[in-house]
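Trainee: I would like a close look at a single part of this model. Please take it step by step.

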Amino acid sequence: MQFKNLRAIREDKDITQKVIAKVLNVSQNTYSQYETGVISLTAEVLIKLSDYYKVSIDYLLDRTNNPKIEK
């Protein structure tokens, strides 16, 4: 499953896959496979991405169009 919001937020912030891969401590190829759904996102990766972008995990997984974290 391809994650459109994950790619869109990265591109909206003008961040390369290489930069995000470094944040996650993975290769650029691995990160690319996360975005395209070839490799499943782990809970650890989702938490890191959510914290980095300050958006909800549901937003990253295309379960909502609202990026805000509900408390």
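At what angle do helix 2 and helix 4 pack, and how far apart are their axes?

Mentor: This is a predicted model, in which local features need pLDDT of at least 70 and side-chain atom pairs count only at pLDDT 80 or more, while totals for chains, interfaces and linings use all residues. Residues are numbered from 1 along each chain as its sequence is written, and side-chain values use heavy atoms, with hydrogens and water left out.

Helix 2 (residues 17-24) and helix 4 (residues 43-53) pack at about 120°, with axes 10 Å apart. Helices here are DSSP runs (H or I, at least four residues), numbered from the N terminus. Axes are lines fitted to C-alpha atoms over the stretch in contact, and angles run from 0 to 180 degrees between N-to-C directions. The two helices are therefore oblique to each other (under 35 degrees is roughly parallel, over 145 roughly antiparallel, 65 to 115 roughly perpendicular, the rest oblique).

In contact (heavy atoms within 4.5 Å), Val 19, Ile 20, Val 23 and Leu 24 of helix 2 meet Val 45, Lys 48, Leu 49, Tyr 52 and Tyr 53 of helix 4.

Helix 4 buries Val 45, Leu 46, Leu 49, Ser 50 and Tyr 53 (buried is under 20% relative accessible area, exposed over 50%, partly exposed in between, with a 1.4 Å probe and protein chains only). The face turned away from the buried side of helix 4 carries the exposed Ala 43, Glu 44 and Asp 51.
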